[in-house]
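Have the model open beside you and try each task before reading on.

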Amino acid sequence: QAQLVESGGGLVQAGDSLRLSCAASGWTIGRYAMGWFRQAPGKEREFVAYIRWSGDIVSYAESVQGRFTISRDNAKNTMYLQMNSLKPEDTAVYYCAATSESYGSRRAYDYNYWGQGTQVTVSS
């Protein structure tokens, strides 16, 4: 079965760092743009970052610009999100997604495949 699986979430203090991973199995992500989204309790799912299939174009939400870095290793069939200087407002379930739109998109509805999510909790 084709799937995406996130890992690397956890409980950290403000200012700490985490690296999330999104591993694909049952298929290859090489020609898919990939994105990260997050959803906090009581809020809608929001865009975090995306990366073009070839890795040469990336985009970030203003709220994470300068703190988060998206990357991918197509040979390992994996995408990453390095999160630095974490803030309590970063607390959310983080989801990885893939889209047949190879350029990438900030819109959740453009994504065809989703992982199950991983919890990130940042305490003050």
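## Salt bridges, step by step

Arginine 38 is buried, with a relative accessibility of 5% (buried means under 20% relative accessible area, exposed over 50%, partly exposed in between, using a 1.4 Å probe and protein chains only). This is a predicted model, where local features need pLDDT of at least 70 and side-chain atom pairs count only at pLDDT 80 or more, while totals for chains, interfaces and linings use all residues. Residues are numbered from 1 along each chain as its sequence is written, and side-chain values use heavy atoms, leaving out hydrogens and water.

**Exercise 1.** Find which side chain meets arginine 38 in a salt bridge.

*Solution.* Start from the criterion: a side-chain nitrogen of Lys or Arg within 4 Å of a carboxyl oxygen of Asp or Glu. Next, check the surface: glutamate 46 is partly exposed at 35%.

**Exercise 2.** Work out which parts the pair of aspartate 90 and arginine 67 ties together.

*Solution.* First, the contact: the closest N and O atoms of this salt bridge are 2.7 Å apart. Aspartate 90 sits in the loop between β8 (78-83) and β9 (92-99), and arginine 67 in the loop between β6 (58-60) and β7 (68-73), so the pair links parts 23 residues apart in sequence (strands are DSSP runs of E, at least two residues, numbered from the N terminus). Finally, aspartate 90 is buried at 1%, and arginine 67 is buried at 10%.

Key:
Helices (H or I, at least four residues) and strands (E, at least two) are DSSP runs, numbered from the N terminus.
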